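Subject: Handover of a structure

Dear colleague,

Please find the structure below, together with its sequence. My notes on what was found follow it.

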Amino acid sequence: MVSLRTKGSFLKLYSWLPILILYISVLNEFDFNYLNLEYFSFNFPFILIFFFTLKDFKHFDYILVFIAGLFNDTVVGLPLGLSSLSYTLICIATAYLRNITIRPNPMKDWFYFLFIISLINSLNYSILTLFFSFDLILMNYLVNTFFTFSFYIIFVSLFKYYLKGLND
Amino acid sequence: MASSRDDFIIAIRSAFLKKSTQQKFSLLTLVFFSLIIVILSSLDFKVIRYSKAVINELVYRSSFIVSVPENFIKDSFIQVKDYTTFFNKYKKNTAELESLKSNYVSNEITEYENRELKELINDYVSSSNKILAKIIVDHDSPFLKSIIINKGSKDNIRIGTNIYDQSYLVGRVIEVNYKTSRVLLLSDLNSNVPVTIAPQNIQAIVTGSGGDNGKIKYIKSGLSDQLIDDSIVYTSGTGAIFKSGVPIGKLKSYEKNSTNEYKVEFYSDFSQLKYVFAEIITQTNILQTAQETNDDNVDKNNPLDAKLKILEDELSIIEESNKKFQKENENLKSEINNLNYKVLSLNNEISSQNRTISQFNLDTEELKFLRLNLTYGHKCRKSLFNNKGFIVGSPEYKNCVLRKGKIDG
């Protein structure tokens with residue numbers, strides 16, 4: 001009885017893991033800056049949100065994603081609501097892709113991801129420079145987009161293991 | 001054609017409006033929410049400001065807790081790195097400490113004088129109090145360079161409060177909450193600091209590069225030729241945003257598109273900050289306005305009090321510097337005494353050595369005479385057969401022996 005209950009709570013925690021990781025990543029703002037790699041950065045929440053909303057994962061609630069965006073804005077120091085808008089736009093893009101896709105293709109998803117993050121980063125850059133008069137380096141955005149796109153395929157394989165573990 | 005357009009519209013409508021069974025809000029609603037929040041956050045309403053402050057407090061604390069494991073890894077990495085360069089750093093620091101010690105006394109006096117002069121120029125007595133603040137969030141975003149400290153409006157932190165690492169400028173506060181504040185670092189692209197470049201005394205503006213350095217901006221044309229490597233960059237105080245005379249970094253030149261460009265290497269390493277100092281400045285006017293009080297005596301007394309205070313300060317500076325000089329004099333006197341004693345003992349030693357040498361010379365001459373006496377003594381001695389000889393022991397006899405028996409000089 002006890003073991004069943006323990007197993008149940010573990011399963012519950014395991015099924016909420018993606019959203020938990022999303023919150024940890026926005027609060028912690030995963031970076032490897034102490035490695036002193038110039039320009040190196042990638043947007044982990046983009047990969048996570050794109051994958052799990054594309055898979056229509058049941059514990060990946062849009063409102064929680066929205067709140068995660070607010071947290072991210074607060075931590076990074078961006079105008080409040082901007083990351084929420086970006087994350088919501090990713091959700092819309094994945095919902096649209098899900099609707100039009102009959103036979104999923106990982107390569108197509110990958111390049112669709114590149115298109116979406118480029119679009120969202122451009123939107124972010126435009127809003128910040130035009131409406132909030134932020135001085136930003138475009139190169140940082142380009143490198144960030146490139147690394148996010150490159151790492152997508154690695155993280156996707158890990159997430160697939162996770163989903164496999166959950167189904168088993 | 002029309003069918004494919006319909007499909008697209010249906011897919012878009014579905015993506016925007018359709019809620020899955022688990023979803024509580026449609027995505028369109030959330031987009032609207034986001035836009036409303038973005039617009040509201042750009043407006044400076046009191047309600048929004050307070051709600052933002054509450055959210056900030058909660059999120060910063062949560063972020064601090066969540067960052068503990070990563071910070072632990074980061075610290076361990078830095079510690080290992082430090083151990084590898086430990087000895088070299090120690091040697092460098094020892095040499096630096098020696099040179100700093102020698103500059104300490106004169107710097108302190110200059111500092112007192114500067115403070116006094118500034119107070120006289122500004123007509124107010126500004127007392128600054130640096131409080132220690134811990135950095136709770138230092139996520140080095142590639143886009144924005146800022147840190148969060150654990151001091152806020154409760155500790156008298158205001159927007160614009162200068163933040164230091166030891167005595168080096170780090171940045172200024174741009175957002176204040178009740179118990180936390182956000183500091184915009186000098187390396188951020190949006191940071192602009194009016195500076196003076198010494199020793200050329202050139203005024204410029206240093207702006208962040210988004211990396212680890214700063215860039216020189218808005219320098220008067222023609223003056224850039226005068227810039228040299230290792231020139232010191234410090235705040236000029238223009239615009240009263242930053243306090244004047246605070247060191248920022250050193251100037252370094254580099255080649256860019258075959259032209260010579262200059263960057264500022266900050267003294268402080270922003271990625272290694274753990275604690276910083278926030279300078280709380282309180283200003284007390286020396287000259288009170290007549291409207292503030294009806295009492296004439298008080299009106300007369302206040303400037304007098306202020307002047308007296310300045311004079312007292314001056315006196316205390318002089319006394320303090322006198323004490324330092326006296327102490328230095330005493331040290332020098334005792335050093336002179338020690339040296340005199342050493343000279344005396346050395347003189348004694350020299351005279352005793354001289355005596356020994358002269359005795360040695362005497363003995364050598366005597367020995368030479370005795371040797372020659374054995375050989376030539378009979379030629380110089382006066383006897384029955386030698387009328388030309390001399391009496392033994394007389395100086396003439398000795399000379400004769402030393403001349404190897406030659407009687408005629």
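In what follows, an axis is a line fitted to C-alpha atoms, for helices over the stretch in contact, and angles run from 0 to 180 degrees between N-to-C directions. Helices (H or I, at least four residues) and strands (E, at least two) are DSSP runs, numbered from the N terminus.

The model is predicted: local features need pLDDT of at least 70 and side-chain atom pairs count only at pLDDT 80 or more, while totals for chains, interfaces and linings use all residues. Residues are numbered from 1 along each chain as its sequence is written, and chains are lettered from A and ligands numbered from 1 in the order in which they are written.

Chain A has seven helices and zero strands. Of its 168 residues, 38% are buried (20 or more other C-beta atoms within 10 Å of the residue's own, with C-beta atoms placed from the backbone; 12 or fewer is exposed, and in between is partly exposed).

Helix α2 (residues 17–28) of chain A packs against helix α3 (residues 44–54) of chain A at an angle of about 160°, and their axes are 9 Å apart. The two are therefore roughly antiparallel (over 145 degrees; under 35 is roughly parallel, 65 to 115 roughly perpendicular and the rest oblique). Residues are in contact if their C-beta atoms, placed from the backbone, lie within 7 Å. On α2(A) the contact includes A:Ile21 and A:Leu22, and on α3(A) it includes A:Leu48 and A:Phe52. The residues of this contact comprise nine nonpolar, one polar and no charged (Ala, Val, Leu, Ile, Met, Phe, Trp, Tyr, Cys and Pro are nonpolar; Asp, Glu, Lys and Arg are charged; the others, Gly among them, are polar).

The second pair is α5(A) and helix α6 (residues 106–130) of chain A, with an angle of about 155° and axes 10 Å apart. This angle makes α5(A) roughly antiparallel to α6(A). Among the residues in contact are A:Leu89 and A:Ala93 of α5(A) and A:Ile116 and A:Ile120 of α6(A). Here the contact holds nine nonpolar, two polar and no charged residues.

Finally, chain A meets chain B. The contact draws 40 residues from chain A and 45 residues from chain B. On the side of chain A, α2, α4 (62–76), α5 (82–100) and α7 (138–167) each give two or more residues, and α5(A) gives the most, with 10 residues. That side has 23 nonpolar, 11 polar and six charged residues.

With kind regards

Key: Two residues are in contact if their C-beta atoms, placed from the backbone, lie within 7 Å.
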